[in-house]
Amino acid sequence: MAASRGRALAAVVAVAVSATVLTAAGCSPARNVTRQAMNECSDLVASLARTPPPVDPNRPVMGFNPYNTFGATIDQAVIVGIVRAMASNGMRAAGYRHIILDDGWQGPRTAAGQITADPGRFPCGIQRLATYVHAEGFRFGIYTSPAPRACSGRTGSAGHVAADARTFARWGVDYVKLDWCGSDYSSSGAATIARTWRAALSATHRPMILSINAGGAPSVGPWAHVIVNSWRVGGDICGSWYNQTRPPSATARGCYNRLYDEGIYDYLTSPGVHAQVTLAGPGHFIDPDMLEVGTAGKSASGQDLTAYALDPAEADTNFAIWAMWSAPLIAGNDPRTMGGADLASQILLNREIIAVDQDPLGRPATLVLSRGGWQVWYKPLSGGKAAVAVVNLADSAGAALFSWAELGANGQPTSLSDLWAHRDLLVTGAGLRVQVGAHATAMYVLTSR
Ligand code: GLA
């Protein structure tokens, strides 16, 4: 499984994320803000004007969200740097087409109630940023929350849903992430909020994806899958194999709360995920949160490390199973550190696994076997094919033989290809013998008779 690729974390680019307004002697502060904004806005010129592909709710969203790496500390310079990186490091070409601002962009409302962007962090405003993002061939997403304050304490949308939806449409937003801190988590209350947002977005006549995080409980899926395009099925992901069931790794990232934050193992073994993945289909997908592939580990004192948060096998599993679940593939690492040989490039740019996620049938995998530390997930694909993933949940490498029936196949397949090794295997015998590293996932596409 992806054994030969480079394991060194590319140097984590140090970025200044705080807003600084330069004041030159003799100039009024307002003038200086304007002058600085003009300089900064000259960054918002695309190298070549492109047109992003139209919004397609029938495929899981692929893109980038800064939260896993940057928290709620984002600004225009970081986002522009990431857009540029994604345009040249293979991510845009591989289908990562959404640039999603998470919490942290919001400024105050004007006296008339109009939402604004934080003028220090986004000096050129969101509309110009969105125009730039579009011209680089990406779609543009934004975060909001139904309460008066978002999770970070910044401005939320309470009492302003219709107006904010119109503002987002005018700004050129293609995707809305609706968070829930401080809002109604009851099924009926949360469904009403989601319906209100869906209606407000529809009323703008601009197609926009609606992705919600109504807390991730198993009770969300049954109402959410008919209202929204994706819904969270667990807590905030953290960069660790374990968090809830066992203590997180020493270099875990974002595992702040043992009861809420979920490691990869926690997501894989969550009964709520197993129950809700079956509700997914074209236009409505489960959201097990952004990817932790290639995120930096953290020291005990909270410093970014040069080591990854997930080891390579765990990162493979994160990507493979999210693709099996037809989940959004939203990178949470820093794309500016990707150069082809690094772990994130090797995993996130695996076109065969991306194709499993994006398969036009849009049907998620189901768990067809769970035994002795092994899981087998089976996902029907278009064209009579299927994807099979064998996860080794154990803390040591293992080998096992699975019959074709145990892999979900209808007898011996006529073809079998290994999606990590990129090669076709000779199909012989009554089943498949696998050797899988600790926390790793073997992944295949097969054709049945
Ligand atoms: C919540 C969400 C996260 C992120 C933060 C932002 O924790 O679950 O995905 O959006 O808020 O503050």
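How much area is buried between domain 1 and domain 2, and what percentage of it do carbon and sulfur atoms give? The views below take up this question in a predicted model.

**View 1. The two domains of the protein chain.** The domain assignment places domain 1 at residues 52-357 and domain 2 at residues 366-447. Their C-alpha centres are 29 Å apart. On the domain 1 side, 25 residues take part in the contact, and on the domain 2 side, 23 residues do.

**View 2. The area buried between domain 1 and domain 2.** About 1900 Å² is buried between the two domains, and carbon and sulfur atoms give 69% of this area. Within domain 1, the residues that lose the most area to domain 2 are M324, E352 and V356. Together these residues make up 30% of what the domain 1 side buries.

View 3. Between domain 1 and domain 2 the count is 1 salt bridge. The side chains of R246 and D395 meet in a salt bridge, with an N to O distance of 2.9 Å.

**View 4. The side of domain 1 that touches domain 2.** Two or more residues of this side come from each of α9 (264-268), α10 (271-277), α11 (312-324) and α13 (351-357). The largest share, 8 residues, belongs to α11. Sorted by residue type, this side of domain 1 has 14 nonpolar, 6 polar and 5 charged residues.

How values were computed. Residues numbered from 1 in each chain as written. Predicted model: local features only at pLDDT ≥ 70, side-chain atom pairs only at ≥ 80, totals over all residues. Heavy atoms only, no water. Domains from an automatic or database assignment. Contact = heavy atoms within 4.5 Å. Buried area = accessible area lost by both parts, 1.4 Å probe. Salt bridge = Lys/Arg side-chain N within 4 Å of Asp/Glu carboxyl O. Helix = DSSP H or I, 4+ residues; strand = E, 2+ residues; numbered from the N terminus. Nonpolar A, V, L, I, M, F, W, Y, C, P; charged D, E, K, R; others polar.
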